[in-house]
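This report describes selected features of a model.

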Amino acid sequence: MALVTTAEVCDTNQPLIHTGELRALQPIFQIYGRRPAFSGPVVTLKVFEHNGLVREFLEEKGDGRVLVIDGGGSLRCAILGGNPVVQAQNNGWSGIIVNGCIRDVDEINSCDIGVRALASHPIKASKKEFGEKHVPITIAGTRICDGEWLYADSDGILVSRMELSI
């Protein structure tokens, strides 16, 4: 989605918005990373104040996918830091959405990957591997399922049941 904006996607796909097949996340996320626009198939993860499973996912080949993490909206610690983001960049992930906090912002901002998060926080999460993989999650007022498509740019974040073209 290098040249196509989320605004253009919305303008072109009004019927999908009305049926709920194309949904916009509430504008609550901060923009991090050197890739302001990114898209790809969604992989979902639900964790709370620990990041063992986050690291596990980002060690896999990304193949242009977007990891969407429901961290419960916690603002008490960071569930994503610089090292896993560097690994995600090197493994071909397109982007990461975090319903929670990140840390190592300067390092993340030097990576060629798109990252969205609620805020930054200096305290790291525990390394426990509790959580749920590939489950439907609800963040920013929007239900997101594994395998859907996510489109993000400076205007916002969209989720679609299928890959869209304009």
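How many of the residues of strand β11 (residues 149–153) are buried? Five of its five residues are buried, and the strand is mostly covered.

## Basis of the values

This is a predicted model, in which local features need pLDDT of at least 70 and side-chain atom pairs count only at pLDDT 80 or more, while totals for chains, interfaces and linings use all residues. Residues are numbered from 1 along each chain as its sequence is written, and side-chain values use heavy atoms, with hydrogens and water left out.

Helices (H or I, at least four residues) and strands (E, at least two) are DSSP runs, numbered from the N terminus. Buried stands for under 20% relative accessible area, exposed for over 50%, and partly exposed for the range in between (1.4 Å probe, protein chains only).

Strands count as paired if DSSP finds at least two bridges between them. Strand β3 (residues 38–46) pairs with β11 in the antiparallel sense over four bridges, and S39 stands opposite Y151 of β11. Strand β12 (residues 156–160) also runs antiparallel to β11, to which five bridges join it. There, G156 in β12 is the bridge partner of D153. A hairpin leads from β11 to β12 through two residues.

## Arginine 23

R23 sits in strand β1 (residues 22–24). Its relative accessible area is 17%, so R23 is buried. Its side chain reaches the backbone oxygen of G20 at 3.2 Å.

Contact is taken as heavy atoms within 4.5 Å. Leaving aside neighbours within four places in sequence, R23 is in contact with T142, R143, I144, E148, I157, L158, V159 and R161.

## Nonpolar cores

A nonpolar core is a set of buried Ala, Val, Leu, Ile, Met, Phe, Trp, Tyr and Cys residues joined through side-chain atoms within 4.5 Å. The largest one has 25 residues, and L80 and I96 have the most contacts inside it. Two or more residues of this core come from each of β3, α3 (52–58), β4 (66–70), β5, α4, β6 (95–102) and β7 (114–120). The largest share, four residues, is given by α3.

Beyond its neighbours within four places in sequence, L80 is in contact with V54, L58, V85, I96, V98, C101, I102, R103 and V115. Apart from this core lies another, of 17 residues, including V66, V68, I144 and L150.

## Annotated binding site

An unreviewed UniProt entry lists G81, G82, N83, P84 and R103 under "binding site". These residues span 23 residues in sequence, yet no two of their C-alpha atoms are more than 10.8 Å apart, so they gather at one spot. UniProt positions follow the numbering used here, feature names are shortened, and annotations may be inferred rather than shown by experiment.

Is G81 buried or exposed? G81 has 9% relative accessibility and therefore counts as buried. G81 lies in the loop between β5 (78–80) and α4 (82–90). With neighbours within four places in sequence set aside, G81 is in contact with R103, D104 and I108. N83 is found in helix α4 and, at 54% relative accessibility, counts as exposed. Not counting residues up to four places away in sequence, N83 touches R55 and E107.

Methods. Polar contact = N/O pair within 3.5 Å; in protein donor to acceptor, adjacent residues only side chain to side chain.
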